[in-house]
Amino acid sequence: MEKMKIIDMNEKHIPELAQLEKICFSQPWSEKSLSEELDNRTAHFLVAESDEKIAGYIGIFVVCESCYVSNVAVFPEYRRQGVAKQLIERACVVAEENGAESISLEVRPSNAAAVSLYGSVGFEEVGLRKNFYRAPVEDALIMTRTLTKKTENQV
């Protein structure tokens with residue numbers, strides 16, 4: 001795999017990201033939903049590209065001191081190559097740059113690979129949302145990572 005670059009999502013990415021959503025999720029985001037986030041000041045959607053091809057993406061929302069990961073998705077041919085890890089690490093930087101002190105997400109407990117990945121980059125299980133997922137119905141683990149705290153001198 002060539003050097004991975006992570007850039008802000010733009011309109012040209014939308015059709016392919018909507019396809020990726022269909023591959024990865026039982027309730028995928030539509031092109032319209034993804035496009036709407038381009039004008040959302042709290043949304044930061046990042047795309048991983050390798051050789052000008054989309055490898056994956058992550059969407060986060062930063063509100064006040066909190067950041068929420070809405071989705072992380074990687075095309076099958078790019079999985080297990082560190083793409084998701086790079087996206088998560090970059091998203092943490094973006095979240096922190098936008099004032100977040102923590103970043104949280106939900107993940108299916110049955111998705112052992114994702115749970116392991118999130119744990120490896122500093123996320124910890126902090127709770128459970130009952131029957132959060134549909135198709136199939138499953139609880140969600142809530143995982144959170146504390147971001148570097150700014151001291152008063154850094155403000």
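About 1,100 Å³ of space lies in the largest pocket of this structure. A pocket here is an open set of points on a 1 Å grid over the protein atoms alone, where a 1.4 Å probe fits, with protein on both sides within 12 Å along at least five of seven lines. A volume is the space filled by probe spheres set on those points. The model is a predicted one: local features need pLDDT of at least 70, side-chain atom pairs count only at pLDDT 80 or more, and totals for linings use all residues. Residues are numbered from 1 along each chain, and side-chain values use heavy atoms, without hydrogens and water.

**Around the pockets**

Strand S4 gives the largest share, seven residues. Helix H1 (14–24), H3, strand S5 (102–107), helix H4 (112–120) and S6 are among the elements that each supply at least two. Helices (H or I, at least four residues) and strands (E, at least two) are DSSP runs, numbered from the N terminus.

The second largest pocket has a volume of about 160 Å³. Its lining includes Ile 6, Phe 45, Arg 90 and Val 94. Strand S2 gives the most to this lining, with four residues.

The table sorts both linings by residue type.

**Aromatic rings**

Phe 45 also takes part in ring pairing. Rings of Phe, Tyr and Trp (its six-membered ring) pair if their centres lie within 6.5 Å; planes under 30 degrees apart count as stacked, over 60 as edge-to-face and the rest as tilted. The whole structure holds five aromatic pairs. One of them joins Phe 45 and Tyr 57, which are stacked at 6.1 Å centre to centre with 25° between the planes. Phe 45 lies in strand S2 and Tyr 57 in strand S3, so the pair ties together parts twelve residues apart in sequence. Phe 45 is buried at 5% relative accessibility, and Tyr 57 is buried at 0%. Buried means under 20% relative accessible area, exposed over 50%, and partly exposed in between (1.4 Å probe, protein chains only). Ring pairs link Trp 29, Phe 45, Tyr 57 and Phe 61 into a cluster.

**Helix H3**

Helix H3 (residues 83–97) has 15 residues and reaches 21 Å from its first C-alpha to its last, close to the 21 Å expected. The expected span is 1.5 Å times one less than the number of residues. Among its buried residues are Val 83, Leu 87, Ala 91 and Val 94. An α-helix has 3.6 residues a turn, so residues three or four places apart point the same way.

Most residues other than glycine have a negative phi, and most peptide bonds are trans. Glu 52, however, has a positive phi near 65°; this residue lies in the loop between S2 and S3. Cys 64 has a positive phi near 55° and is found in the loop between S3 and S4. The peptide bond from Ala 135 to Pro 136 is cis, with omega near -5°.

Terms used:
1 Å grid on protein atoms, 1.4 Å probe; cavity = no way out; pocket = protein on both sides within 12 Å on 5 of 7 lines; lining within 4 Å.
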